[in-house]
Amino acid sequence: MSSNPSSSGYVPPRVWTWNRDNGGKFASINRPVAGPTHEKALPLGRHPLQLYSLATPNGVKVTVMLEELLALGHADAEYDAWLIRIQEGDQFGSGFVEVNPNSKIPALLDRTDPAAPVRVFESGAILLYLAEKFGELIPSGARRAQCLSWLFWQMGSAPYLGGGFGHFYAYAPFKIQYAIDRFAMEAKRQMDVLNRRLAESAYLAGEEYSIADIAVWPWYGALAKGQIYEAGEFLSVQEYPHVIRWADEIARRPAVQRGRKVNRTWGEPSSQLHERHDASDFELRTQDRMAP
């Protein structure tokens, strides 16, 4: 396809209409209206914290957070993690929409008080909610401002990486040079922002690991290691050594290694724990241990 945008022949109509088949790989999960498509109650487990998710970068943030809290000794951070298969439309069930009206994973239901359950959606909001609930992984004072700044930086920046660069580079039904060039430029700018920050300090909020790192790592750490979109060479990720150092250090954390497995349905069977209801599930219920 020519890089000249005027040569595509497309002229926007006066009024846009939805083509259900448009959207490439993810056409089946995107639509221009909200609300449920079918009645389906959500399952409930025995723990106060009920997570409904999938191990995308946004989902991994929350399972890593919960595993970190458990590692810090917070037994009341035990949780049930239920698999939401987004390609099959689970996120449009009535029960899920009640927890997250935006129909995106992850979604958290805190039933600590069964008479007044708390719903939390948007991954950054869930991280902040859990950090404040348990008093962990969020610093105080000026470092708190740094932490929240980087947390909200991620929430605002990642759509350019995933919905922008990732979509047009890896998933769009055909390649559009203008779109790929535009979002590759922005992805590299964001990586440079991180690299400069991580040249100054061990972690994003300073010398201590925090929810800012937990939020950013599943997206940008994976990109730095060439683990998403098969784009490491294309984006010359070796140009960001401080991001790579940080990504490797976080990846070695046992809680991170556990959190990455939860609600995962791809990769090596030993890396997939479709649902998590007890700490023993990591030893007993990964897909390599389940009967075919």
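This is a predicted model: local features need pLDDT of at least 70, side-chain atom pairs count only at pLDDT 80 or more; totals for chains, interfaces and linings use all residues.
Let me begin with a term: buried means under 20% relative accessible area, exposed means over 50%, and partly exposed lies in between, with a 1.4 Å probe and protein chains only. By that definition Glu67, at 2% relative accessibility, counts as buried.

Residues are numbered from 1 along each chain as its sequence is written, and side-chain values use heavy atoms, with hydrogens and water left out.

The structure holds 16 salt bridges, a salt bridge being a side-chain nitrogen of Lys or Arg within 4 Å of a carboxyl oxygen of Asp or Glu. One of them joins Arg258 to Glu67, at 3.0 Å from N to O. Because Arg258 sits in helix α8 (residues 254-261) and Glu67 in helix α1 (residues 57-71), this pair ties together parts that are 191 residues apart in sequence; helices here are DSSP runs of H or I with at least four residues, strands are E runs of at least two, and both are numbered from the N terminus. Arg258 itself, at 26% relative accessibility, counts as partly exposed.

Next, Asp110 pairs with Lys133, their closest N and O atoms being 3.0 Å apart. Asp110 belongs to strand β3 (residues 107-110) and Lys133 to helix α3 (residues 123-134), so that the pair links distant parts of the chain, 23 residues apart. Asp110 is buried at 3%, whereas Lys133 is partly exposed at 35%.
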